[in-house]
Amino acid sequence: DNTSLFPNKNESITIPRLIESLKDITCIKIACGWSHSFVITDNGLVYGWGCGGSSRLGLGTDLDQLIPIQIPGLNNIQSMSCGYHHTMALDHDGQLYTWGGNDKGQLGHNNWKQQNIPKLNQSLSSNVITSISCGAFHSAAVTKQGKLYTWGYGEYGQLGLSLGDINDHNQPQLVMGLNGMNVMMVNCGGDYTVVVCKQFMV
């Protein structure tokens, strides 16, 4: 599936090429999943394209998009992250929105259901989120207070929860092992998680 690589034709592109439909839009950030892509504009809007399976584009359908299309309901967005078939967006107020595939609970909505359009994560809505990241099937977020929350697929210990807890979790879990460490940033690989703390320890 090459729909996320170059949005005008369903073919592989071997050299960089301008996305014509975005050339008059000021794009300041990008995020890519397994086969879907997003850009954030200078005024906080979001455009997405690529594979639409599991509603990972947030358009309410599973249809693929060969050209960038604005994602309804997303405004004032500052950063995004994509997993295999789920997506997260963080707005400038520190509120987190998630959508797409949810078979491992990676959306954090306290259920296992696919979410077709962006939805506010209620479990974290009382926090100001400063950093987010998606793994293949898990998710992580850092609060302004320096706390780390993780959720989703846990089989390989990527959630960093209590010893022996390798269960999947469908709502954010506080990583107690990092309490007091003042986490600043999180980044997820496919099945692992890395953080930077205020003391600049990794």
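**Side-chain interactions and nonpolar cores in a predicted model**

The side chains of Lys23 and Glu20 form a salt bridge, with 3.3 Å between N and O; the term denotes a side-chain nitrogen of Lys or Arg within 4 Å of a carboxyl oxygen of Asp or Glu. Residues are numbered from 1 along each chain as its sequence is written, and side-chain values use heavy atoms, with hydrogens and water left out. A search of the whole structure returned one salt bridge. Glu20 is classed as partly exposed because its relative accessibility is 42%; buried denotes under 20% relative accessible area, exposed over 50%, and partly exposed the range in between (1.4 Å probe, protein chains only).

Nonpolar cores were examined next. A nonpolar core is defined as a set of buried Ala, Val, Leu, Ile, Met, Phe, Trp, Tyr and Cys residues joined through side-chain atoms within 4.5 Å. In soluble globular proteins, nonpolar side chains tend to be buried together. The largest core in the model has 12 residues, among them Ala31, Phe38, Ile40, Val46, Leu57, Met80, Cys82 and Trp99. At least two residues of this core are supplied by each of β2 (36–41) and β5 (77–82); strands (E, at least two residues) and helices (H or I, at least four) are DSSP runs numbered from the N terminus. Strand β5 provides the largest share of the core, three residues. A second, separate core has 11 residues, including Ala140, Val142, Leu161 and Val183.

Cys82, a member of the largest core, is buried because its relative accessibility is 10%. With residues up to four places away in sequence not counted, Cys82 touches Ala31, Cys32, Gly33, His36, Phe38, Thr87 and Cys134, a contact being defined by heavy atoms within 4.5 Å. A disulfide is a covalent bond between the sulfur atoms of two cysteines. Under the criterion applied here, a pair of cysteine sulfur atoms within 2.5 Å, the count comes to zero disulfides. For Cys82, the nearest cysteine sulfur is that of Cys134, 6.5 Å away. Cys197 is likewise in no disulfide, and the nearest cysteine sulfur, that of Cys188, lies 14 Å away. Cys197 is buried, as its relative accessible area is 3%.

Two polar residues were also considered. Thr41 is located in strand β2 and, with 2% relative accessibility, is buried. The side chain of Thr41 makes a polar contact with the side chain of Asn43 at 2.3 Å; such a contact is a pair of N or O atoms within 3.5 Å, where within protein one atom must be able to donate a hydrogen and the other to accept it, and residues adjacent in sequence count only if both atoms are side-chain atoms. Apart from neighbours within four places in sequence, Thr41 is in contact with Ile25, Thr26, Cys27, Ile28 and Tyr47.

Gln95 occupies the loop between β6 (86–91) and β7 (96–100) and is buried, having a relative accessible area of 16%. A polar atom of the Gln95 side chain lies 3.1 Å from the backbone oxygen of Ser125, and the backbone oxygen of Asn127 lies 3.3 Å from a polar atom of that side chain. Contacts of Gln95 beyond four places in sequence comprise Ala89, Leu90, Leu120, Ser125 and Asn127.

Five aromatic pairs were found in the whole structure, where rings of Phe, Tyr and Trp (its six-membered ring) pair if their centres lie within 6.5 Å, and planes under 30 degrees apart count as stacked, over 60 as edge-to-face and the rest as tilted. The pair of Trp34 and Tyr84 is tilted, because the planes stand at 40°, with ring centres 5.5 Å apart. This pair links distant parts of the chain, 50 residues apart, with Trp34 in the loop between β1 (27–32) and β2 and Tyr84 in the loop between β5 and β6. Trp34 is exposed at 64% relative accessible area, whereas Tyr84 is partly exposed at 33%. Phe38 and Trp99 form an edge-to-face pair, 6.1 Å centre to centre with 85° between the planes. Phe38 lies in strand β2 and Trp99 in strand β7, 61 residues apart, and both residues are buried. One aromatic cluster is formed by Trp34, Tyr84, Phe137, Tyr153 and Tyr156.

Terms used: This is a predicted model: local features need pLDDT of at least 70, side-chain atom pairs count only at pLDDT 80 or more; totals for chains, interfaces and linings use all residues.
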